[in-house]
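Trainee: I have a model open and would like to learn how to read its packing. Can you walk me through it?

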Amino acid sequence: MELYLRFENFKAKTFTVSYDDNRHPVIPFSKLMKKYGIRGTFNLNSGYFPPRRDAGEFFTKEQARQALCDESGCFEIAVHGVTHPFLEKLEPADVEYEIAEDIRALEEVFGVRVRGMAYPYGTYSEQVIEIAKKCGILYSRTCDATHDFSLPKDWLRLPSTCHHNYDGLPALTERFVKETPVGDPFHFYVWGHANEFDYHNNWYVAEDLFKAISDAKDQVWMATNMEIYEAVKAFEALEINRNEITNPTDKTVWFVANGENIKLMPGEKAVVKGE
């Protein structure tokens with residue numbers, strides 16, 4: 001049986017961004033995302049929230065809530081370590097504190113569940129991965145780049161497609177918009193730091209990228225890291241018995257089976273035509 005994941009409304013492409021740290025440029029960046037309907041994930045350091053609005057380069061908890069949440073909900077909030085350390089250089093107890101305390105503090109600030117992460121500096125070890133899993137982390141982004149649209153295989157060593165300063169980003173964007181996958185879906189994942197747009201004076205990179213993706217929104221599912229993780233895991237959990245497919249999860253799963261578009265609600269079963 002030929003089985004391929006699709007996203008909401010049978011879209012064969014998904015797009016997401018992942019941006020790190022608590023610096024003020026996150027605020028205009030989040031506004032740009034909202035302007036174009038882009039979804040994504042912000043990896044924050046709970047130890048860097050200052051007590052006052054005029055306390056330097058970092059934004060306050062109140063400013064974070066105003067920028068990253070609105071009446072429609074929040075962007076995804078994820079762990080980046082309380083103090084942004086090199087986790088692999090810490091003792092196990094300190095690694096656990098940096099992750100578990102960041103989860104606790106961010107959940108308190110935003111009132112949302114936090115289960116994702118990006119490794120500070122993109123570095124990690126096997127011990128760090130095991131501690132992250134122990135703390136309830138389901139995925140964690142590295143600084144590795146695929147430069148393609150493949151779905152992740154190892155969610156705790158999660159690569160992106162590219163950083164926003166990658167020279168090949170315009171070509172990747174054009175290919176993503178113009179091509180239509182016939183098998184596995186396209187997964188386009190861009191990461192960075194919002195303050196880099198100020199440093200390099202290249203905010204047009206984000207604007208051009210978001211406009212191109214937004215113009216193709218009829219083909220693209222805009223999602224957070226966690227939303228994509230849950231969609232992939234629900235698809236992988238489908239139970240297949242000859243030509244019957246059952247969805248045992250609490251998520252709706254969209255997929256193509258032997259060329260047929262199928263939407264399975266939680267607990268539903270479908271009979272697939274053909275061999």
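**Rings and helices**

Mentor: Let's start with rings: the structure holds 20 aromatic pairs. Rings of Phe, Tyr and Trp (its six-membered ring) pair if their centres lie within 6.5 Å; planes under 30 degrees apart are stacked, over 60 edge-to-face, and the rest tilted. Keep in mind that this is a predicted model: local features need pLDDT of at least 70, side-chain atom pairs count only at pLDDT 80 or more, and totals for chains, interfaces and linings use all residues. Residues are numbered from 1 along each chain as its sequence is written, and side-chain values use heavy atoms, with hydrogens and water left out.

Trainee: How are the rings of Phe42 and Phe75 arranged?

Mentor: Their centres are 5.5 Å apart and their planes at 65 degrees, so the pair is edge-to-face.

Trainee: Are Phe42 and Phe75 buried or exposed?

Mentor: Buried means under 20% relative accessible area, exposed over 50%, partly exposed in between (1.4 Å probe, protein chains only). Phe42 is buried at 1%, and Phe75 is buried at 6%.

Trainee: What about helices?

Mentor: Two packed helices are described by the angle between their axes and the distance between the axes. Here helix H5 (residues 169–178) and helix H7 (residues 203–215) pack at about 10 degrees, axes 10 Å apart. Helices are DSSP runs (H or I, at least four residues), numbered from the N terminus. Axes are lines fitted to C-alpha atoms over the stretch in contact, with angles from 0 to 180 degrees between N-to-C directions. H5 and H7 are therefore roughly parallel (angles under 35 degrees).

Definitions and conventions: Helix = DSSP H or I, 4+ residues; strand = E, 2+ residues; numbered from the N terminus. Parallel < 35°, antiparallel > 145°, perpendicular 65-115°, else oblique.
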